[in-house]
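I'd like to walk you through one protein model, so please bring it up on your screens.

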Amino acid sequence: MTTYAIHAAANINWQKGLAPIIKKGLSKHGVNATITTSAIKESDVSIILGPNFWKKVEAEGNYIMFNRKFLGFNPQDVHENVAISWDGFNGNGTFCVSEIDTDRLYRYVKEEEILDYRINAQGVDLLCEQHDLGRCTDWKTINDFYSFIKGRYKNVVVRKKVSPENIGVEEWKKQILQQLQNVRAAHVLNSTVSTELTVFGVPLVSHDKGDPCYSLRNMRFKRMKLLNYLAHCQWHYDEINNGKWWEKLKNKKGPKLYEI
């Protein structure tokens, strides 16, 4: 019998709160998962919460990661909504999307929030900050990546990383839309900020396959296809609690996100 363990840190509120929700949802499918704080793999399938705390477990493979959502500006979307994938996260994850319901996108993003794509835009190149390199190995440090962008492109402006969780959704939207007014293109390594920029119609220059929007490189016509796909990569807590997510992800299949 396949064993499952949910790795959640007792001192991280979102992990401590989400772990029993995952356990309850799995139980509705007859899956008895344990909850552990262990930093090493304990089961056939590991369920890990976030990319920063469980790297030793991740290194052993065969894991499901719960990570930051891709889409949604409503408070519930920000605080009770996570992307779920096998054996990787963001662009490197397998999200097991088989069918597309176009209505699902508008659960997270209003139609009027999806701005027209900027064609032949003029202005500055925006460099989007992130905490670290993620799983990218092309540079030694995140500062090396920043130096590469500043050395290769002219008129680069740095966008400080600001999370809507910290300043509120409405204030965050107001700030980012102001910052984007004079932007020609945005440079992203592998942060989920690329999904928000895609909603706002900003041309992206993606520098790593771990970017959730890597598949848009030189193919802006795929924007709505990608946004619809991303809407099926994330799940509200109520869908996790009732086990709906497991119906889609119990069988590991499908392309990596960067491959779609």
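R68, E129, R159, K161, V162, S163, P164, W172, S191, T192, V193 and E196 line the largest cavity of this predicted model. A cavity here is a set of points, on a 1 Å grid over the protein atoms alone, where a 1.4 Å probe fits but cannot get out, and a lining residue has an atom within 4 Å of a point. Rolling a probe the size of a water molecule over the atoms shows where empty space is left. The volume of the largest cavity is about 100 Å³, where volume means the space filled by probe spheres set on the points, with grid points joined across faces, edges and corners. How many cavities of 30 Å³ or more does the count give? The count comes to 1. As for what surrounds the largest cavity, its lining has 5 charged, 4 nonpolar and 3 polar residues. In this sorting, Ala, Val, Leu, Ile, Met, Phe, Trp, Tyr, Cys and Pro are nonpolar, Asp, Glu, Lys and Arg are charged, and the others, Gly among them, are polar.

A word on the ground rules. Residues are numbered from 1 along each chain as its sequence is written, and side-chain values use heavy atoms, with hydrogens and water left out. Since we have a predicted model, local features need pLDDT of at least 70 and side-chain atom pairs count only at pLDDT 80 or more, while totals for chains, interfaces and linings use all residues.

Now for the pockets. A pocket is an open set of points with protein on both sides within 12 Å along at least five of seven lines. The largest pocket has a volume of about 860 Å³. Its lining takes in 31 residues, and P51, N52, N67, R68 and K161 are the ones nearest its centre. Two or more lining residues come from each of α1 (13-27), β4 (63-68), α3 (75-79), β5 (81-86) and α6 (164-167). Those labels are DSSP runs numbered from the N terminus: helices are H or I with at least four residues, and strands are E with at least two. By class, this pocket's lining holds 17 polar, 7 nonpolar and 7 charged residues.

Is N67 buried or exposed? N67 counts as buried, at 12% relative accessibility; buried means under 20% relative accessible area, exposed over 50%, and partly exposed in between, using a 1.4 Å probe and protein chains only. Leaving aside residues up to four places away in sequence, N67 touches G50, P51, V82, A83, F89 and N90, where a contact means heavy atoms within 4.5 Å.

On to the second largest pocket, with about 510 Å³ of space. There are 23 residues in its lining, and Y117, P203, L204, V205 and N218 lie nearest the centre. β8 (183-188) and β9 (204-206) are the elements giving two or more residues, and β9 gives the most, with 3. The lining of this second pocket splits into 12 nonpolar, 6 charged and 5 polar residues.

Why is β8 described as largely enclosed by the rest of the structure? Because 5 of its 6 residues are buried. β8 runs parallel to strand β6 (residues 124-128), joined by 4 bridges, and the bridge partner of L126 in β8 is A186. β8 also pairs with β9 in the parallel sense over 3 bridges; two strands count as paired if DSSP finds at least two bridges between them. A186 stands opposite L204 in β9. With helix α8 (residues 193-199), β8 and β9 make a right-handed β-α-β unit. Right-handed means that, with the strands pointing away from the viewer, the path from the first strand over the helix to the second runs clockwise.

You can find another right-handed unit of that kind in β1, α1 and β2. Strand β1 (residues 4-7) is covered on both faces, with Y4 and I6 buried on one side and A5 and H7 buried on the other. β1 runs parallel to strand β3 (residues 45-49) with 4 bridges, where A5 partners S46. β1 is also parallel to strand β2 (residues 34-36), through 3 bridges, and I6 stands opposite I35 there.

Last stop: L226, in helix α9 (residues 223-231). L226 is buried, at 1% relative accessible area. Setting aside residues up to four places away in sequence, L226 touches P212, C213, S215, L216, L257 and I260.
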